[in-house]
Every structure is written in structure tokens, then in C-alpha cells.
Amino acid sequence: MRTPHTRMNGRTTADRSSSCAPRAARAVVVICSAALMASCGGPSPAVVVATPVPAADTLPTTTVHAPAPEQPPVVPAPRPLTLPPVVTRDLSNGLRLMIVEHHELPVATFLLLVRSGYEEDPAGAPGLVSLTAAMLDEGAARRTALEISAQQAMLGARLGTAAGYDVTTISLQTPTAQLDSALALFADVALRPTFARAELERLRAERLTLLTQLKDRGPSIADLAYPAVLYGPDHPYGRPTLGTGRSVQRFERTDLRNFYRTHFRPNNSTLIVVGDVHPDSIVRRVTSAFGGWQPGRIPARAASAAPAASPRAVYLIDKAAAAQSSVRIGSVGVARATPDYFPLLVMNTVLGVPFGSRLNQNLRESKGYTYGARSQFDMRGEAGPFTARAEIVAEKTDSALVEFIHELTRIRDTIPMEELTRAKRYLQTRLPGEFETPADIASRLVPIALYDLPLDFYNSYSQRVEAVTQADVQRVARRYLDPERVAIVVVGDRKVIEPGVRQLGFGEVHIRDITGAPAGQP
Amino acid sequence: MLGKLMKRTITLAVAAGVFGSLSPVHLVAQVPAGAVPRLAVEKFTLPNGLEVILHEDHSVPLVSVNVWYKVGSSDEQAGRTGFAHLFEHVMFMGSRNVPVGKYDEWLEAVGASPNGSTSQDRTNYYQTGSSSALELMLWLEADRMGGLLPTMTQDKLDLQRDVVKNERRQSYDNVPYGRAYETILGALYPAQHPYAWPVIGSMADLSAAALGDVNTFFRTYYAPNNASISVAGDFNPDSARVFVSRYFGAIPRGPAMPPRPAPADVHLARDTALVLEDRVQLPRVYWSWHTVPAFHPDDAALDLLAYVLAGDKNSRLYKRLVYDLQVAQNVDARQSSGRLAGSFTIDVTPRPGQDPAGVARIVDEELRSLMRGGVTAAEMTRARNTFLARMLDDLSSVQGKADQVQYYNYFVGTPDYVRQDAERYASAMAADVQRVGRQYLAAPKVVLTVVPQGKPQMMVKTGGGS
């Protein structure tokens, strides 16, 4: 494969028959906007028109076919995007519903967002939120973990739990014919998890093993060490979201139940429903299933002290014999509430999102150092990290770092108008594709729910992208990206890469262990 | 308003006592094949042999264009493994009227991110974007189908060679257990068998690839008579026919595909035990058996068997090894089937301190138990429902549909096969699943243990028989 293409709902396009090598590795672009698609004209007709393959001698014989034009055809303006309405309803207990009709297939997606996530991990106890989320479907009401698993499969439904920053989620996809039974299961998991002891012990053991296995993976080590380096252990974004061996060993059932009772409240939650449903009937069903959920006071969380910016430094983590170095470069970025959202969106698109972006064109398509390079701003409740990243062939680690810094410097110059326009078109024309399936649509509504964006956010998305100027992009590049003050985290074979990296003179070189903490002396 | 093609009746069978009297869920829902939509398709062939498949879906203002070339890694020669995939990469490096870099640039400007993939059996190229971009997509695909070579250079080949080597590192060499797959292939298949090497190829063979190989490969395989193009989404079929003819019509028919003699059936004479050291914390044991090609009558039953063994929490191996005994961290089972052959693979990762041989014995016990006692109706329902749900997922996007119709067209000869594919799963019986377990998993197998460095003694050995 040219780029490993992960579909927006998480599926990979892999040939069923055998291992498939894709052309390029590209992360999912989760655009935080909600341009919703119109269902125009209804679904395809049921009639199959199978034209028999004409025999060669029945075709008109033309001895010469006109050659194809040498110029590409002009692409007409796309159909204007019309957004189906989001019906909202607040239950009396504070649970907010967001409902979108999508009648292409007889399925419905439910996504319960509890607006508390990893940032709520207690300082000394990382991994609590993640473990609590994992435990939700390991026993609920009178259903055991095995029953919950069997029941969803028997219904043809799928139920999942997950945690992230700012949110914990429970998801359900179900055929609409099974909606009532599936919703009952979903409500039990959301409202009546049992945190059964035996299951907690089982998950604890699994998690402890998983933590040791992370040592096997350079990219995973880099993903853990980088935020630890940027934020430090005193900031909620600097802690390992899966926890540590010690913290996971210590969690008690009461810890999970207390987190659940405190944060899993209707007034702290939004339920998104997308699919072959009708709002009134959904409101009735959800009121019946979730109406008894008691609101509660959600403790306010004090804002975290922003970490001080440091001069540029390199943090080297040894992974013996690694064929590639896992590189993560950047600094603390912005919160989702930033007034600079659209200029940053456009700027980062130029820098490191599409295949044609600067980082990828340089590091992959010009130098051949990597299978793919990209950049992103994690915009959360507070300022999440800006990260430029790639997996670099070991021998070119130092050369790649030079290119990364070169691009982070060059992005601060005026972006040529043509390049800026291309980035805008990319963002604008991708919108319909981001809203194709019920799962896609539900995902696009998540930032609206979490960050109190206006419901019609996507109506003006294209115009707001269009309005971004060269000056805007330059301003945010200079304000938020300072190549003199980035942290450079590299996980790779120290023997191979260290001499070259030191020679770059990119700042002090710190040797760190796999958690990002200072390592012992070599 | 529901689509007319959707049948909504779901057969409900009351399974009394399945979940016990306490649970409110006492209905079993068998998702019938009828719940899977039938795709309306039109297929025709140009005079130059290019097959064209059209599927309209006006529910979204998107269109997906997907080209399949009937060449994959199984067509490679010794010493040039990985070439089909490397060639896929160079197909994006510009063509007669498309300067290098413009393929991506022009499509990204219309909301499409072009991509491709290579498998053992075929190479595909796809892009999904604004429906207004259909003509551009077709023009671009036609330009490289007809005119890749004039602009091909050594530099372009060298660059993509480096990129592909990085892909190999990122997907296999720098990944724990990353070399298990190619090790198993090399043991399952004789050295000359088209499935004996991985799609990504070896580093040495990638280094050996030459510009002359690119020219030869293109002339041999990249011809309209060896290709099919599908268009799915929001388009006008009359316009699509006009565009296809205008842009692809002048590409001359190429030579017939080189004959691809079916390799002799492969059978392992005896169990083969292998060990591979890797930089891993935990060992992992793989079992692999020969099975059947895609769409063989037993193919669907083997898929269902894989689910019954390791598809969910209640599955035989997961429940015993991971849930009850907790001697394994994870377990997976999968039927992989291609044009020429298929294989069934189980892998288990023992927990720290667990002896792989002990875990292997339990896997063996569970397989024998299934072969003896068969599978239950509930297991069959869970398995079928999951496969049908996955099919619905694949069909929920225009990109998925564009690829699925190609898949059917290539493997069974017609793009109109969704319902029959669903029917394979819906009609497979518990007795079929038991039978394929007995027939295929009692035969000789490859057993590979990937062990931490310096721990070859963790290798699982075999008894030598079935």
C-alpha cells in the first residue's frame, strides 16, 4: 500500500485474501467540524442492471480512437453541501441528546460521551480513567462480562468503551430491528456497571503485561516519552494514560467506583444518536432508559499550570538494534478554545497533514528517509501538544532532524498564495467525505459536544477556512512554533544514532529511559 | 424513508434459557443475508479489454474510482520479490501528462487522497472525493495506464525503493513479531510457490530492482485488457460512460497476460516446528495449516471457525486461555484465502512465566474438543452476525463498495455478488464448521515460536504427526 489508509471509523482497507502493502501511512484526519451531509434523493434503486458483456464482434469497430486530451479536465464546483439537522433535546436530568437521521442502512449508532477523561487521573494514580472505561462492559446490572459479550453478538450489535482526553465513551452500533434490546444492554453498561472483582483482577493482570510489552515498540515508547518530556509528571498531560506498573497494581475497586460515581452523571454527558431512527421515538426510548439517571455535582478541576518553555533539547532513548528511529518534535500547543483555530488548522495542513504537505514531501518524497511524516495539534480542554513525527531509517536520523527543523523554520515565512489555497481546498473538499456513515457523523459531533461549539459549526466551516489569510498563518506559525524551543524526542539505536545527533548541536542531549525520565549513566 | 433494497425482516428465534431467566434479553436475532444490501451494478467492456463496473449511490456527493490490475506478488520472479508493490509506488510518480507530484496535488485539491495497495493476487489504485472530480480521476488513471513509461527515471525508482524499504522497516522489521508472517510463508509453501514470499519482498530483492524491470513489468501487466475500473457513488452513468471511453478508449490493448499455471496443490508431509528470536518480552506461538482458496465451498465455514475459536470473549480459545485460565495475553485466529490457496493461522501470546508448550497443549485440547463435539447454534449465530456486520461496514462507504465489486469481479467473475457472499455465511451450518475443523486442522501444520533473544528453549516442538 502506498499509505496505510485508516478509514475514519477505524477500519483498514485490507484485502481479505492476504497481506496487503499500502502505499502510504497516513493517520486519520479528524477534522473538528460537523458539516453534515444531506441524504439527497434517497438510496439507490433496487433494480440490478447487469449489462451483458458484449461480444467483441458486436461492438462498433473503430480503427482509431481519438487520443485522450493532454490537459486535465477542469473540475466543476462541487455540489453545495447541505447539512441535515441535528435535533437536540435535554432531558430533565441534564442529559443532552443530539440526534441525526440517516436512513441509508437499517442501523443506528449511539455514542455516550461522559465529559471527563484522562485529565482526571489523580496525580499519583495514572491509568485510573483508562481502567475504569475498560471495566464498564465487564459486568453490568445482572449481566456478567461473558453475557455482555455474547448478547451483543447475538443481536448483531457491537458495544465498545474507550477513554480519551476530556471524554470517556460508550458506543453502540445496532441493527434498528434490535434497537430496544441493544439499548437495554447499552443502558445497563452505562448506568449499572458492577466493577466485578474477578474481572478487575483479570484486567489488571492484562494491563500489567501490556505495559511490559510496550518496551517492544519504539513508536509506543516515543508516544509515551514525548508528552512526559513536554509536560512533566505534575501536569495531567504528562502522565501515562495506561498507568504504570505501580499504579495499576494498586487500584482498588472503590477507586474505579468513586471515579464512576463522581463523573458519570447525566449533567456531565451527551448522547449522540445517528442512524435509521426518528427523533421523537429516540427521545422516548432514551428517556425511558436514562431518565432515572441521577444528576450530581461534578467537581471543578483547577486549571493546570502551563509548563515553562525550555530551550531546544534532544532526548534520546535507547532501543537496541532499532531499524528506525521514532522521532517526535514539538512543544505545548493550544486548547480547543483557541481563537486561532482556523489559522492553525490551515497552517498545520500546509506543514504536515496531506500527502503533499511539506514534511511528507521533504522527508519521504524528496529524501526517502521515511514511509510518512506528519504533524498535528492536539487541541484539548487545555493546551495539548503540537507534534511533528516520523519513523526514520536509523542511519538518516541526524539528517532527518535537520529537515524537521528546516521545515519548522520555513513555515514561519509567508506561505505562497498557491500553496495556501491548496491547503484550504483540501480542508474544504474533504468535508463531505468526513460525513458519509453514521459512525463518521457521530465522530464529527464529538468536539461540538465536548467543547461547546455551536451546533451549526460546520455550516460556516468552509467560509472560515477561506477567510484565513497569509498574514494569519504567518502570525500563528510564529506564535506557536519556535524551532529554537522544541523538544526533540528520539527512540532508536543509540550506538548508531547518538554520534550524529550530538554533532548537530541542536541543544543539550539528554539520555532518557523509556518513560522519558532521566536514565542512569551510560 | 428507507431504501427499497433493504429488507428489514429479521428472523427472530426464541432461544429459551440461552441467557438464563434473569436477563431481559432472551431473543436470538439471526441477521439474515437479506439484510445486506444488493448493489445495483452495470458492467461492460471496452474494445481494448478494459472492464468497467458502475454503481450509483446518490446519498452522498462523493465518488470513488478504483482500478484493479490483475497482477500481484504471486506473479513475481525469484530475485525480484516485492516488485509488484514497488511498482505500485512508482505509478504515483507522474506519467505522460502528469508532472511528478501532481497526481496527489490535483486530487488533494478536490478532497481525494489517492492510494493503492498490493496483495498476492492483485494491485489496486483508488481515490474517493467530491463527485465533481470524477472526470479528473478518470483522466489521471488513464494517463498512467497508457503513459507511465515516458516519464519514468532511475531517480524516481531509487526514491520509491527507499520509501518501500522504510515501509518494510515500519511494518515488519521494527515491529515485534514482524517477521513471523514471512517465516511462516516460507515454511508453508515450497520455495517456488507464488505465495512463498511476502508482498513487501526482501531488502536484497528491493535493492536489485532495476529500471529495465519497471519497463518490462509495465508492458507485461499494465494494460487495459488486464485491468478493471469501478466507479461508485454520485455520478451520472451516461457521463461516466463517455468519460471512460474518451480517456481509456485510445489506450491500446496490451499482450495477453502471461500464462499463470496453477501451482500444484501443496500439502505438508509432516508438522514443521520453527523458532525465531526477536526483541520481544514475551514469546508467541503460531500454528498455520493449508486450507482453501477464496470462495471455495469451505472458505466461509473456515472464517466462521476462526470466529468460534478466537473471535470474542466466549470463543473457545479466548475463553479458556485468556479469560478462565489467564495463561495467555491474547489469542487470534484467521482464515486467509487468495486466488491460489489459503491458510488458517492461530497465534497465542503466553503471559509472563507461562510455558509456551503448556499453552500449546491447551490449544490442541480445544481444537480436538471442537472436532469431537462440534459447535453450538449460539456460536454459529454470533459468528454469522459478526461477518454480516463486517460486510455491512464494508458496504457503508462508496470507497468500500467500489472495492468490493472489484473483489467479486476478480475472484468470482461478476461484480454482482454481495448477496451470494452473505449467503455463504448465512447458510453455513454447524456441521460444516465442525467438518472443516476436522478436515483441515488435523492435517500437518507449521508451528512457529517467536522467542525473546537468547531463549530458543522456549520453542514449541511438534510430535511430527497430525
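**Figure 1. The loop between helices H3 and H4 of chain A, with Phe195(A) in this predicted model.** Helix H3 of chain A covers residues 179-191 and helix H4 covers residues 197-213, and Phe195(A) lies in the loop between them. Although Phe195(A) is not a glycine, its phi is positive, at about 50 degrees. Phe195(A) has a relative accessibility of 2% and therefore counts as buried, since the limit for that class is under 20%.

**Figure 2. The loop between helix H10 and strand E11 of chain B, with Gln326(B).** This loop of chain B runs between helix H10 (316-324) and strand E11 (328-337), and Gln326(B) is placed in it. Gln326(B) is not a glycine, yet it has a positive phi of about 55 degrees. At 24% relative accessibility, Gln326(B) counts as partly exposed.

**Figure 3. Helices H9 and H12 of chain A where they cross.** Helix H9 of chain A is made of residues 341-352 and helix H12 of chain A of residues 417-430. Their axes come within 9 Å and cross at roughly 105 degrees, so H9(A) and H12(A) are roughly perpendicular to each other. On the side of H9(A), the contact involves Leu345(A), Val346(A), Thr349(A) and Val350(A). These meet Glu419(A), Leu420(A), Ala423(A), Lys424(A), Tyr426(A) and Leu427(A) of H12(A). Sorted by class, the residues of this contact are seven nonpolar, one polar and two charged.

Figure 4. In soluble globular proteins, nonpolar side chains tend to be buried together.

**Figure 5. Chain A, as the setting for the views of that chain.** The secondary structure of chain A comes to 16 helices and 16 strands. Chain A has 522 residues, of which 57% count as buried. Among contacts in chain A between residues at least 6 apart in sequence, 80% join residues at least 24 apart.

**Figure 6. Helices H11 and H15 of chain B where they cross.** Helix H11 of chain B spans residues 356-373, and helix H15 of chain B spans residues 430-441. The two axes come within 8 Å and cross at roughly 130 degrees, which makes H11(B) oblique to H15(B). The crossing of H11(B) with H15(B) is left-handed. From H11(B), the contact is made by Leu367(B), Leu370(B), Met371(B), Arg372(B) and Gly373(B). From H15(B), it is made by Gln434(B), Gly437(B), Arg438(B) and Leu441(B). The contact of H11(B) with H15(B) has four nonpolar, three polar and two charged residues.

**Figure 7. Ser369(B) and its contacts.** Ser369(B) is found in helix H11 of chain B. With a relative accessibility of 28%, Ser369(B) counts as partly exposed. Ser369(B) touches Arg316(B) and Gly374(B), not counting residues up to four places away in sequence. Arg316(B) and Ser369(B) are 53 residues apart along the chain, and their C-alpha atoms are separated by 9.5 Å.

How values were computed. Residues are numbered from 1 along each chain as its sequence is written. Chains are lettered from A and ligands numbered from 1 in the order in which they are written. This is a predicted model: local features need pLDDT of at least 70, side-chain atom pairs count only at pLDDT 80 or more; totals for chains, interfaces and linings use all residues. Side-chain values use heavy atoms; hydrogens and water are left out. Axes are lines fitted to C-alpha atoms, for helices over the stretch in contact, and angles run from 0 to 180 degrees between N-to-C directions. Helices (H or I, at least four residues) and strands (E, at least two) are DSSP runs, numbered from the N terminus. Angles under 35 degrees count as roughly parallel, over 145 as roughly antiparallel, 65 to 115 as roughly perpendicular and the rest as oblique. Contact means heavy atoms within 4.5 Å. Ala, Val, Leu, Ile, Met, Phe, Trp, Tyr, Cys and Pro count as nonpolar, Asp, Glu, Lys and Arg as charged, and the others, Gly among them, as polar. A crossing is left-handed if the near helix is turned anticlockwise from the far one by less than a right angle, and right-handed if clockwise. Buried means under 20% relative accessible area, exposed over 50%, partly exposed in between (1.4 Å probe, protein chains only).
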